[in-house]
Each structure stands twice: as C-alpha cells, then as structure tokens.
Amino acid sequence: MSQVVCIHGIAQQLKSRESLLAEWAPSLCGGVSNAGGNLDPADVDMAFYGILFRVPGSKDAAQIPAYKPGDLDDPLEIALAEEMYAVIRSQSEPGSDEPTKAGERTVAHLLQAIAKTPFFGNVSQRVVIWFLKQVRRYVTEPKIRQDAQQSLIERIGADTRVVVSHSLGTVVAYETLCARPDLPVRTLITLGSPLGIPALLPRLAPPVGPGTAQWPDGLKNWVNIADQADLVALRKELRPVYGDRLLDQIVHNGATMHNVLPYLTAKQTGRAILEGLAGK
C-alpha cells in the first residue's frame, strides 16, 4: 500500500479514482521536488468519493441541477452562504460598489455576490448552490458521510503515513482520523480547508466548539495550508481552533486560489510530506 494517500474535494462527481490520481500524483511529486526531496508516484494513492454526488439519469453534462435561489432553503446552506458573503464584504476595497441598503442579504443577493468572486469566476448561481448543497449533504446524510470516509479507509494500508486532503476532503479526513485512531497515519495535510467555517463546526463528528476540538489520536503532525484569497478556507489559521500542535502556512496560488494543483506543487506541501515520511 502507498505511503501517501490523497483525498479530493468538492465537485469531482464526473471523475474517478484513477483520473484524479493521474492529476494529483505528478503535482504532488513536483511539490516534494520543489521542497528538495523525491517522491515516487507509486507511493501515492487516491481515495475517491465523488461518485456519491452523481445525479442518476441527469441530462446535464456537468451533472448540476437547474437550481434557482429559492432552492437554497436549508438553514446550513444559507448560513454557509452568509459566512462566505461576510468574508467577501470584509475583503472589499473602500469605495467598492457593494450595496449597503436594507435587504441586501437576501438569498439572491448572497448568491450573486459569491458567484462573481474570482473564486467562482462569475459562474452561474446554480454552481454556487450545488457547491453549498454538497457540503450540506455530507454533514447531514449519514450514508454519504459513511461511504466517503470508507473510501479513505480502504486506501490506507500498513505503510501509509501521510494523508493529503483538499477542500471537503479535509473534513472527511479529519473525521475519519478522529473515528479511527488505529490507522497508521501520522501526518495530516489539509489544503484549502473549510474546517474553520463557524456554521460547519457544530456539524462535524465530533462537534467542535470553543476549546473542545478533538485532536485525532495517533496523529503526530497536522499542517494546514491556505491561500489568503481562498474563499473555502474562510479561516486561514486553524491552530486557534484545533490546538497549538497544528502548523498553519499561507501560500499564494494566483488566480486559481482554491484549485488543488497549485496547492500540491507548493514547497510547503512538499516539505510537510517529506517531514511526515521521515517521522519528524
């Protein structure tokens, strides 16, 4: 079994374990190379749970339902949208044309503001709704949660020491390692993680509250890496939430702030892998 196991983030429903591994492994090895080391692609494996979000019988090539603002009606989905919007407003330049009039925080306005950010690239609002619904489904539908975690457990072998996770996959990895202290993983690397989003914390398993976050038993190192402009990683520093043993690092991914490939090739990611494999 592989020494490094990866787990992907959101909106990968049209891909597969093999196709993602073909994308991730060279970039991850490149990150290790950028950090001055070497990693054999054969030592990298991928957990895949994207198929859980495929839409049976969908005629849409992107597998994204024709959502409208009224379809964003779950309290958690709305809370996530509001928190993303708050970050957008806090980062707005003085004198920006962001409206401040009463009623601006309607669901339609939240979606419009989020969709036009560089993160989403001015996409259709239905893409934003689809994004939020996948997060909500993972934390509220036990079968999806169980199967996603099982996809990771099945790829971890006796030789696995490092888990590299991205986006929603960081939630899957964290919860799995909390639930399974018997796994041999010693280093967790989280990239563009939503594990600091306030609305999400009480929904985690185990729930996270002020001073109550669980450090996964058996885990020696946790390195969290975030781009300063990554909208999914609302809280760039997870150390205040999960404890002083966690190491936070900031990177710059350019215009593709949440895209996983720049995260994988970052020197910080490569260094964390090398130290994890060396047992540091």
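Okay, one thing before we start: the model is predicted.

Six strands make up an open sheet, and their order is 2-1-3-4-5-6, with parallel pairing. At the edges sit strand 2, residues 44-47, and strand 6, residues 246-251, and each of these pairs on one side only. If you look at how neighbouring strands are turned against each other, the average is 20°, direction ignored.

Now a couple of the pairings. Strand 1 and strand 2 run parallel and are joined by four bridges. Find Val 4 and you'll see it standing opposite Val 44 in strand 2. Further in, strand 3 and strand 4 pair over five bridges, again in the parallel sense. There, His 166 stands opposite Leu 191 in strand 4.

On to the cores. The largest nonpolar core has 61 residues, and the ones touching the most other members are Phe 131, Trp 222, Leu 231 and Tyr 242. Elements giving two or more residues to this core include strand 1, helix 2, helix 4 and helix 7. Take Phe 131 as an example: leaving aside neighbours within four places in sequence, Phe 131 is in contact with Ile 10, Met 84, Phe 119, Phe 120 and Val 232. Apart from that core lies another one, of 27 residues, and among them are Leu 20, Trp 24, Val 32 and Ile 189.

Next, the aromatics. The count comes to six aromatic pairs. In one of them, Tyr 174 and Tyr 242, the ring centres are 5.3 Å apart and the planes are at 70°, so this pair is edge-to-face. Since Tyr 174 is in helix 6 and Tyr 242 is in helix 7, the pair ties together parts that are 68 residues apart in sequence. Tyr 174 is buried, at 0% relative accessible area, and Tyr 242 is buried too, at 4%.

Tyr 242 has another pairing, with Trp 222: centres 4.9 Å apart, planes at 45°, so that one is tilted. This pair also links distant parts of the chain, with Trp 222 in strand 5 and Tyr 242 in helix 7, 20 residues apart.

Elsewhere, have a look at Lys 133. The charged end of Lys 133 sits over the ring of Tyr 67, 5.5 Å from its centre.

Last topic: the backbone. Most residues other than glycine have a negative phi, and most peptide bonds are trans. So which spots are worth a look here?

For the peptide bond, go to Ala 205 and Pro 206: the bond from one to the other is cis, with omega near 5°. Pro 206 is in the loop between strand 4 and strand 5.

For phi, there's Ala 11, with a positive value of about 60° although Ala 11 is not a glycine. You'll find Ala 11 in the loop between strand 1 and helix 1. Is Ala 11 buried or partly exposed? Partly exposed, at 42% relative accessibility.

Ser 167 has a positive phi as well, near 55°. That residue is in the loop between strand 3 and helix 6. Ser 167 is buried, with a relative accessible area of 2%.

That's my tour, thanks.

Notes:
Residues are numbered from 1 along each chain as its sequence is written. This is a predicted model: local features need pLDDT of at least 70, side-chain atom pairs count only at pLDDT 80 or more; totals for chains, interfaces and linings use all residues. Side-chain values use heavy atoms; hydrogens and water are left out. A nonpolar core is a set of buried Ala, Val, Leu, Ile, Met, Phe, Trp, Tyr and Cys residues joined through side-chain atoms within 4.5 Å. Buried means under 20% relative accessible area, exposed over 50%, partly exposed in between (1.4 Å probe, protein chains only). Contact means heavy atoms within 4.5 Å. Two strands pair if DSSP finds at least two bridges between them. Axes are lines fitted to C-alpha atoms, for helices over the stretch in contact, and angles run from 0 to 180 degrees between N-to-C directions. Rings of Phe, Tyr and Trp (its six-membered ring) pair if their centres lie within 6.5 Å; planes under 30 degrees apart count as stacked, over 60 as edge-to-face and the rest as tilted. A charge sits over a ring if NZ of Lys or CZ of Arg is within 6 Å of the ring centre and within 35 degrees of the ring normal.
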